[in-house]
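Subject: Structure handover

Hello,

Here is the structure you are taking over. My notes on it follow below.

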Amino acid sequence: EITKEQRALIKAILDAYNRHQIPQDVTKKLLQEQYSAEENFLLLTEVATSQVQVLVEFTKNIPGFLSLDREDQIALLKGSAVEAMFLRSAQVLSKKMPSGYTEVLEERIRKSGMSEEFMTPMFNFYKSIGELHMTQDEQALLTTITILTPDRPYVKSHEAVERLQETMLDVLRKLCVLQHPQEPQYFARLLGRLTELRTLHHYHVEMLTSWKTNDHKFTPLLCEIWDVQ
Ligand SMILES: CC(C)c1onc(-c2c(Cl)cccc2Cl)c1COc1ccc(-c2ccc3c(C(=O)O)csc3c2)cc1
């Protein structure tokens with residue numbers, strides 16, 4: 001049974017998740033006419049940079065996050081940014097929201113100069129997320145759980161992060177039972193997506209290298225969070 005505190009936690013996280021979104025003037029640029037590989041890469045870089053800023057603000061609103069060690073907060077953000085962005089872009093690409101960005105975003109990702117080998121696992125992931133029909137609060141909680149992964153590089157107080165993550169896992173488990181009564185395995189399937197995210201994260205490191213070797217520029221924020229350049 002979901003307790004009063006757990007309901008308050010879901011509400012706080014969902015409000016933060018909905019409050020912190022990429023501004024329209026940034027996402028609107030994805031709708032412009034030019035579709036060259038260079039133009040696509042530039043636009044995706046701009047959107048990714050904005051998404052990182054949004055992610056930082058969202059993370060600060062996760063109850064308990066700001067009481068963690070300051071350096072651990074940074075380590076968690078750096079370690080989870082890519083995975084949180086896969087989840088967020090998956091929401092757009094899985095036609096979750098009638099955002100009108102689904103087609104253009106897919107087109108720009110497919111034609112951004114990324115090597116073919118990453119396309120298949122990436123779009124398989126997007127498809128698998130789409131098949132789950134996650135609700136907004138499940139999306140927000142899954143993103144929170146990804147951010148609160150204790151075994152990221154350089155995290156010192158492993159237990160403190162683990163305690164926070166377990167609180168969120170407990171809430172998500174109850175929510176899944178409540179919202180998907182016909183699918184007893186639904187919670188397990190959600191956690192399976194987190195494993196897939198780790199694999200995509202490893203692919204992403206190689207993606208960045210392949211873009212770098214083709215002399216693609218990233219923004220200072222992305223260079224800092226992804227340790228490139
Ligand atoms: C530096 C750049 C070339 C890059 O490197 N790896 C990845 C990258 C890729 Cl290509 C795939 C997955 C993860 C990453 Cl980091 C990227 C692009 O990252 C993105 C981040 C975030 C969005 C994103 C989010 C929200 C929304 C919304 C909305 O909320 O209304 C409407 S449109 C949209 C677009 C897209 C792409």
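Ser94 sits in the loop that joins helix H4 (70–93) to helix H5 (102–110); helices (H or I, at least four residues) are DSSP runs numbered from the N terminus. Before going further: this is a predicted model, in which local features need pLDDT of at least 70 and side-chain atom pairs count only at pLDDT 80 or more, while totals for chains, interfaces and linings use all residues. Residues are numbered from 1 along each chain as its sequence is written, and side-chain values use heavy atoms, with hydrogens and water left out.

Ser94 counts as buried because its relative accessibility is 16%; buried means under 20% relative accessible area, with a 1.4 Å probe and protein chains only. Its side chain reaches two backbone oxygens, that of Ala90 at 2.7 Å and that of Gln91 at 3.4 Å. Leaving out residues up to four places away in sequence, Ser94 touches Tyr126 and Gly130, where contact means heavy atoms within 4.5 Å.

Arg193 touches Phe125, Ser128, Ile129 and Leu132, not counting residues up to four places away in sequence. With a relative accessibility of 16%, Arg193 counts as buried.

**The cavity**

How many cavities of 30 Å³ or more are there? The count comes to one, and about 100 Å³ of space lies in the largest cavity. A cavity is a set of points on a 1 Å grid over the protein atoms alone where a 1.4 Å probe fits but cannot get out, and lining residues have an atom within 4 Å of a point. Helix H3 (37–60) and H4 each supply at least two residues of this lining, with H3 giving the most, four residues. By class, the lining has seven nonpolar, four polar and one charged residues. Among them are Tyr17, His20, Phe58, Met85 and Arg88.

Regards

Conventions
Buried < 20%, exposed > 50% of the residue type's maximum accessible area, 1.4 Å probe, protein only. Polar contact = N/O pair within 3.5 Å; in protein donor to acceptor, adjacent residues only side chain to side chain. 1 Å grid on protein atoms, 1.4 Å probe; cavity = no way out; pocket = protein on both sides within 12 Å on 5 of 7 lines; lining within 4 Å. Points joined across faces, edges and corners; volume = space filled by probe spheres on them. Nonpolar A, V, L, I, M, F, W, Y, C, P; charged D, E, K, R; others polar.
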